[in-house]
Structures are given as structure tokens and as C-alpha cells.
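Please have your viewer open and follow along.

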Amino acid sequence: MNKIYRKEIESPLGKILLCADEQGICLLDFFDGKAVETQLKQIEKSLKSKIEEGESPFFQLLEEELKLYFKGELKQFSVPLNPIGTDFQRKVWEELRKIDYGQTISYQQQANNLDIPKSVRAVANANGQNKISILIPCHRVIGSNGKLTGYAGGIWRKEKLLQIEKNILFLSLIHISEPT
């Protein structure tokens, strides 16, 4: 039987709930997120196992990587993931992982990239079902008008995550352009 472990950690944006099974991280969400309880039930149902408190071998690496990310010192995560969702959702989430650090795209661009330009709402809905925040960067998708929309952890967190990425990107560009 597949074991699923959960752990709570602190972050600069509030308490985060982590879950992992033997394959990788299957949940990273802010503790006060709207859908946390629903997501936990979906994970238990999909993996046919109960979630229990405990340590996963993936938690230590994830915590180290998150600390570096929040300090602006990590742009790509290496911790293994096990996204739980439909085939369509996993396809949409894989497309999210192609968005470069510090960049944003619109929901329409994401639908176009998936070759389903008329399915913007389905793509946005799949983004909203993402159970692995930050690591599967749905925060990098914005409205076509440039406005921040739709983030389960709260728009203020989406804005902070984008600021972390934009500021670090900006600072690295300044550093690169300094005369030697």
C-alpha cells in the first residue's frame, strides 16, 4: 500500500502543507487555501491510501529548495513530483512547468501552447486544480489584460511570488550589466 505523509512548514507567505508519497511531492498548498481539505480527500482517493503525519525522504530536499527559492537563489526545483489529476490536468500542469522563472503568460497563451486555443476556460480550471503550488508555477499565468487573476492561495500570494521572481531576475540583470 502506498504511504502518503504530510507535514506543515512555515514560509515567508504563511504556513504550507506538504504531502508526498513514494514517487514524490503530491501536494504543496498554503494551509489557509480554499481547497485544502478537498485536495487531501482527492489525493487519498486517487492513491487509495490514508494521509498520515510523518517524514518523507522528499521533505528535506523540498524545504531546502523552498528556502533558496524564497531568498531568490533557486530558479528551478529538482524535488520529484507526483501530480494527482486527470490526464488533461497533468498535460496542462506540464505546460505550466515550461514557463521560465520570472516570466508570465496569459491563460490564452497557455491554451494556444497546448494547441487548444478555444479551451481557455478548461485550461484555467485545470490550473485551479493544481495541488502543487510554486513547484508547478500556476502563479506565472495571468489574465490577457495583464491583471493577476485566479490563484487558490490568494492573489496577494501570487503577486508576492511574481515579485520574488521579477526582483531577483531584475537584480541579476543589473549585476550582469555592471562594468568590470
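Which residues do ring pairs link into a cluster? They are Tyr 69, Phe 70, Phe 77 and Tyr 101.

## About the model

This is a predicted model, where local features need pLDDT of at least 70, side-chain atom pairs count only at pLDDT 80 or more, and totals for chains, interfaces and linings use all residues. Residues are numbered from 1 along each chain as its sequence is written, and side-chain values use heavy atoms, with hydrogens and water left out.

## Aromatic rings

Rings of Phe, Tyr and Trp (its six-membered ring) pair if their centres lie within 6.5 Å; planes under 30 degrees apart are stacked, over 60 edge-to-face, and the rest tilted. The count by this rule is three aromatic pairs. One of them, Tyr 69 with Phe 77, is tilted, at 5.4 Å centre to centre and 40° between the planes.

Tyr 69 also pairs with Tyr 101: the centres are 6.3 Å apart and the planes at 85°, so this pair is edge-to-face. Tyr 69 belongs to helix α2 (residues 57-70) and Tyr 101 to the loop between α3 (87-96) and β5 (105-106), so the pair ties together parts 32 residues apart in sequence. Helices (H or I, at least four residues) and strands (E, at least two) are DSSP runs, numbered from the N terminus. Tyr 69 is buried at a relative accessible area of 1%, and Tyr 101 is buried at 9%. Here buried means under 20% relative accessible area, exposed over 50%, and partly exposed in between (1.4 Å probe, protein chains only).

## Nonpolar cores

A nonpolar core is a set of buried Ala, Val, Leu, Ile, Met, Phe, Trp, Tyr and Cys residues joined through side-chain atoms within 4.5 Å. The largest has 38 residues, of which Ile 25, Leu 28, Ile 134 and Leu 135 touch the most other members. Helix α2 gives the most to this core, with six residues. A second, separate core of 11 residues includes Leu 17, Leu 40, Ile 43 and Leu 47.

## Salt bridges

With a salt bridge taken as a side-chain nitrogen of Lys or Arg within 4 Å of a carboxyl oxygen of Asp or Glu, the count is eight. Glu 53 meets Arg 6 at 3.0 Å, N to O; Glu 53 sits in strand β4 (residues 51-53) and Arg 6 in strand β1 (residues 4-9), 47 residues apart. Glu 53 is exposed, at 53%, whereas Arg 6 counts as buried, at 17%.

Lys 7 bridges to Glu 55 at 2.8 Å, N to O, and to Glu 63 at 2.7 Å, N to O.
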